[in-house]
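Please keep the structure in view while reading.

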Amino acid sequence: MFNWYRNNPLGAVGVLACLIFGGIELMSLLAGGVQLSDLNAPSGMLARFLASMLTPPPSLVRAGSARVELTNQLVIVAQALGALLFTLLLWLRTGIRRPGRLAYAIQAIQALLAAASLSALLYVLAAQLAATLPLQQGRRWLAAQIVLLAAVYVQMLLFHQVALGDGPVRLIMIYAGIGMLFQMLVFGMVRLALGEREARTTLARSHAALLATQAMLADTVRAGERTRIARDLHDAVGHHLSALNLHLDLALRQIAPQVPEALHTSRELARALLSEVRVVVNSERNAQHINLRAAIATMCAGIPQPAIHFDYDDTLEIASPALAHTVFSCVQEALTNVIRHASAALVTIAIRDDDEQLILTVQDDGCGPRGAAEGNGLRGMRERVAEQCGTLEFTGGAGFGFTIALPLAGSYA
């Protein structure tokens with residue numbers, strides 16, 4: 001219940017900003033009263049219109065204070081309701097991970113709400129545009145927002161219903177320029193902050209991938225060295241011992257029946273030594289083990305976003321470097337795609353042993369492919385799996401996922 005903000009951290013920050021800016025504006029209206037700029041803004045003009053319909057006009061017996069008081073109250077109520085609706089729309093917009101018509105409609109309503117009351121929430125909207133849209137789209141939306149604000153100020157100056165003196169006109173023009181400049185500054189600062197965070201995330205991801213690859217390489221080198229030693233023992237020492245046994249057998253037959261005891265002992269020792277060499281060779285070949293679990297866990301630990309849940313079957317052991325490399329590369333490619341395209345909050349990775357098959361399952365809760373064509377990364381993943389005589393199937397449901405099945409027995413080394 002109290003962790004609702006974790007599903008939408010950007011929206012939680014935006015809501016907090018709305019409460020701060022909207023609260024300050026509302027308190028200033030309550031403490032300082034409604035100003036001329038508030039009355040000439042679109043929301044103020046609507047409040048005056050409603051007040052004129054609900055109260056009698058000023059006359060010789062009525063000063064019109066009731067209409068003025070109701071107008072001020074309606075301006076304050078409009079400010080509060082507009083801020084609350086803006087905040088709700090911000091939460092909904094930041095929960096949409098891929099921009100579309102609904103997202104654009106929400107942004108347009110937010111801009112109208114903030115501009116109608118000349119609210120500082122326009123700064124929050126500028127930050128929201130920078131955080132939720134690609135750079136070029138964000139720039140276009142910010143330009144449209146500034147044009148809308150400029151139109152509101154022009155309307156105030158040309159069609160004001162409450163008389164404005166020279167002082168208020170100058171203040172309105174100064175506020176207009178400062179407001180437009182601050183929106184651009186906020187947009188630029190948020191873009192810089194996001195770029196810096198993306199750079200740090202990329203660096204952390206690259207560092208984690210480097211550490212994981214280093215661990216995989218170390219295991220592969222050790223496995224390769226064990227294989228080389230076993231092969232050399234079998235091909236060199238084993239070959240010579242086999243030849244020695246043959247010559248000892250031949251010698252025993254040639255000098256029979258007077259065979260020296262030392263010759264019998266030599267033949268038994270040669271046979272025992274050959275048997276020991278074969279045991280060592282088999283042990284070295286069977287003792288190979290690639291610590292795939294540690295390599296993938298290291299890579300996942302270095303990725304700050306999204307959250308990754310990694311589950312590995314404790315009974316699974318991988319001796320083939322090629323098989324381990326295939327699984328590692330597929331997981332790495334899946335995480336890269338999630339970070340670049342999915343806008344996911346959670347990725348689940350599971351590796352298990354199922355009847356002499358390694359089953360790799362990856363699932364995210366992102367926006368999914370939505371009909372996008374298969375890219376080079378997925379094609380490369382499919383080719384790696386085919387080289388190991390495995391299968392690759394994409395799964396449906398929320399987000400995007402796939403399942404890979406690879407044979408454990410007879411994997412290509």
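The model is a predicted one. It contains an open sheet of 5 strands, arranged in the order β1-β2-β3-β5-β4 with mixed pairing. The edges are taken by β1 (307-312) and β4 (391-395); each has a single partner strand, so one side of each is left without a neighbour in the sheet. On average, and with direction ignored, neighbouring strands of this sheet are turned by 10° against each other. Helix α10 (residues 292-301) packs on the sheet, where it touches β1 and β2 (346-353). The direction of α10 makes about 175° with that of β1.

Strands of a sheet pair through backbone hydrogen bonds, either parallel or antiparallel. Two pairings that involve β3 are described here. Strands β2 and β3 run antiparallel and are joined by 7 bridges. Within this pairing, Asp353 has Leu358 of β3 as its bridge partner. The hairpin of β2 and β3 has 3 residues between the strands, and Asp355 in this hairpin takes a positive phi near 55°.

Strand β3 (residues 357-364) also pairs with β5 (residues 401-407), again in the antiparallel sense and over 7 bridges. In β5, Gly401 stands opposite Gln363, and Pro407 stands opposite Gln357.

**Two helix pairs**

Two packed helices are described by the angle between their axes and the distance between the axes. The table gives these values for both pairs.

| Helix pair | Axis distance | Angle |
|---|---|---|
| α5 (residues 101-116) and α7 (residues 135-158) | within 10 Å | roughly 30° |
| α3 (residues 42-54) and α4 (residues 65-94) | 8 Å | about 135° |

An angle under 35 degrees counts as roughly parallel, and α5 and α7 are therefore roughly parallel to each other. The crossing of α5 past α7 is right-handed. On the α5 side the contact is made by Tyr104, Gln107, Ala108, Ala111, Leu112 and Ala115, and on the α7 side by Gln137, Trp141, Leu148 and Val152. By class, this contact of α5 with α7 has 8 nonpolar and 2 polar residues, and no charged ones.

For the other pair, α3 and α4 are oblique to each other. Helix α3 passes α4 in a right-handed crossing. Gly44, Ala47, Arg48, Leu50, Ala51, Ser52 and Leu54 of α3 make the contact with Arg67, Leu70, Thr71, Leu74 and Val75 of α4. The contact of α3 with α4 has 7 nonpolar, 3 polar and 2 charged residues.

**Two residues**

Leaving aside neighbours within four places in sequence, Asp364 is in contact with Val338, Ala342, Ala344, Leu346, Val347, Ala398, Gly399 and Phe400.

Leu378 has its place in helix α12 (residues 376-387). Leu378 is buried too, with a relative accessible area of 14%. Apart from neighbours within four places in sequence, the contacts of Leu378 are Asn337, Phe394 and Phe400. Leu378 and Ala334 are 44 residues apart in sequence, and their C-alpha atoms are 8.4 Å apart in space.

Definitions and conventions:
Residues numbered from 1 in each chain as written. Predicted model: local features only at pLDDT ≥ 70, side-chain atom pairs only at ≥ 80, totals over all residues. Heavy atoms only, no water. Pairing = 2+ DSSP bridges. Helix = DSSP H or I, 4+ residues; strand = E, 2+ residues; numbered from the N terminus. Axes fitted to C-alpha atoms, helices over the stretch in contact; angles between N-to-C directions. Contact = heavy atoms within 4.5 Å. Parallel < 35°, antiparallel > 145°, perpendicular 65-115°, else oblique. Left-handed = near helix turned anticlockwise from the far one by under 90°. Nonpolar A, V, L, I, M, F, W, Y, C, P; charged D, E, K, R; others polar. Buried < 20%, exposed > 50% of the residue type's maximum accessible area, 1.4 Å probe, protein only.
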